[in-house]
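Visitor: I have a structure open and would like to learn how to read its features. Could you take me through it?

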Amino acid sequence: MAELNTMNDLIAVEGANLTPVEQAAIVLLSIGEEQAAAVLRCLSREELLEVTQVMSRMSGIKVEAVKTAIQTFFDDYREQSGVHGASRSYLKRSLDLALGGDIANTVLNSIYGDELRPKMARLQWASPKWLADYIANEHVRMQAVFLAFVPPALAGQIIAGLPLEGRDLVLLSMARLDEIDRDLLAELDELVDRCLASFDMQSTSIEGVKQVAEILNRLPGNRAQVVELLRAHDPSIVEQIELSMYDFLILSTQTEAVLSRIIEEVPLEQWAIALKGAEQSIRDAVLKTMPKRQAQAFEDMMRRAGPVPMSRIEASRQEIMATVKALADSGEVEVQLFAETVVE
């Protein structure tokens with residue numbers, strides 16, 4: 001009996017130690033597919049990815065863990081239940097009677113936000129370039145309204161995908177937005193419906209060049225021979241693959257000897273630009289490799305440089321990696337293209 005009690009205690013601890021996301025995953029797995037789908041539609045992209053990843057990894061869940069998760073859910077529900085605010089449908093019927101349909105819709109939109117937002121939330125899964133191509137032929141005001149309803153990060157990527165001529169007009173139109181009339185909202189609703197219908201028919205995009213670069217980076221044996229075989233079929237695609245293999249981030253994984261040779265070849269002024277906003281691991285690796293006096297002079301140079309356009313930073317990084325590739329191709333350095341497990 002004592003052993004049984006000890007085992008029950010261990011199981012109970014397993015349930016008590018569940019994270020909130022794990023508890024949510026258990027509840028979703030317990031309520032059935034349709035109900036779980038309805039809940040998932042209410043989550044943000046990040047929340048949905050987090051909880052579904054946990055759901056996919058769960059197996060052999062103990063009964064006590066399930067009981068704990070569901071009990072916690074109902075405890076939280078009881079704490080927050082009671083008299084709730086009126087639902088949108090309740091307010092809609094009441095305001096229609098009191099104020100009329102048009103005014104009721106205006107009031108409801110100011111309270112709840114437009115009904116478009118749940119639809120727009122689905123578009124965060126689409127490629128920004130695809131969305132940009134889809135709205136490119138719409139008039140500027142419609143583009144501005146469309147972008148106003150998506151998260152700023154996604155909106156920025158979509159604008160970057162629009163033709164250069166006219167981006168300023170789209171941003172200006174967005175800045176001038178205050179209230180959106182009903183006709184324009186109806187037009188936007190139609191655009192979003194068309195967009196979603198087309199999006200549902202799209203295939204999944206794969207970054208083939210990047211995938212091949214990752215495979216080649218990890219391929220045992222003579223990678224150069226495989227690259228040359230590929231080059232015989234399509235030299236242009238191999239050039240893209242090679243560029244993808246030489247990512248600026250790999251500098252943080254190089255040996256001190258390799259970095260010293262690269263630092264000799266690249267002017268300090270170029271390093272000062274390329275390391276602006278770079279990963280701390282890269283900056284630490286480069287500074288550690290430099291002689292102390294040179295590292296101090298380099299840090300002073302970076303401080304004096306001030307803000308630098310991102311395009312110039314990217315150009316400097318590409319030039320450095322072209323130098324790294326040239327040194328590797330000539331056999332002067334042996335570049336480690338991915339982080340390997342090492343044994344002392």
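Visitor: Where do Asp 133 and Lys 129 lie, and how many residues apart are they?

Guide: This is a predicted model, so please take each feature as part of a prediction. An α-helix has 3.6 residues a turn, so residues three or four places apart point the same way. Here Asp 133 and Lys 129 both sit in helix α9 (residues 128-135), 4 residues apart, or about one turn of the helix. They form a salt bridge, with the closest N and O atoms 2.8 Å apart.

Visitor: Which residue meets Arg 317 in a salt bridge?

Guide: That is Glu 314, at 3.9 Å from N to O. Both residues belong to helix α21, and because they are 3 residues apart, about one helical turn separates them. Their accessibility is worth a look: Arg 317 is buried, with a relative accessible area of 13%, whereas Glu 314 is partly exposed at 33%.

Visitor: What does Ser 316 touch in the rest of the chain?

Guide: For this, leave out residues up to four places away in sequence; Ser 316 then touches Gln 270, Ile 273 and Ala 274. Ser 316 lies in helix α21, which covers residues 310-329. It is buried, with a relative accessible area of 7%, and the cut-off for buried is under 20%.

Visitor: Which parts does the salt bridge between Glu 138 and Arg 194 tie together?

Guide: The closest N and O atoms of that pair are 3.5 Å apart. Glu 138 is in the loop between α9 and α10 (140-148), while Arg 194 is in helix α13 (residues 182-199), so the bridge ties together parts 56 residues apart in sequence. Glu 138 is partly exposed, with a relative accessible area of 21%, and Arg 194 is partly exposed too, at 39%.

Visitor: How many salt bridges does the structure hold?

Guide: The structure holds 9. Salt bridges can also join up: Arg 261, Glu 264, Glu 265 and Glu 332 are linked in a network.

Visitor: Now for a whole helix. What span should α20 have, and how far apart are its ends?

Guide: Helix α20 has 14 residues (292-305), and at 1.5 Å a residue it should span 20 Å; its end C-alpha atoms are 20 Å apart, which agrees.

Visitor: And which residues of α20 are buried?

Guide: Ala 295, Phe 298, Met 301 and Met 302 are buried. They cover an arc of only 120 degrees around the axis, which puts them on the same side of α20. On the other side, Lys 292, Arg 293, Arg 303 and Arg 304 are exposed. The cover over the buried residues includes α18 (268-274) and α19 (280-289). Just after α20, Gly 306 takes a positive phi of about 70 degrees.

Notes
Residues are numbered from 1 along each chain as its sequence is written. This is a predicted model: local features need pLDDT of at least 70, side-chain atom pairs count only at pLDDT 80 or more; totals for chains, interfaces and linings use all residues. Side-chain values use heavy atoms; hydrogens and water are left out. Helices (H or I, at least four residues) and strands (E, at least two) are DSSP runs, numbered from the N terminus. Buried means under 20% relative accessible area, exposed over 50%, partly exposed in between (1.4 Å probe, protein chains only). Contact means heavy atoms within 4.5 Å. The expected span of a helix is 1.5 Å times one less than its number of residues. The arc is that of the directions from the helix axis to the C-beta atoms. A salt bridge is a side-chain nitrogen of Lys or Arg within 4 Å of a carboxyl oxygen of Asp or Glu.
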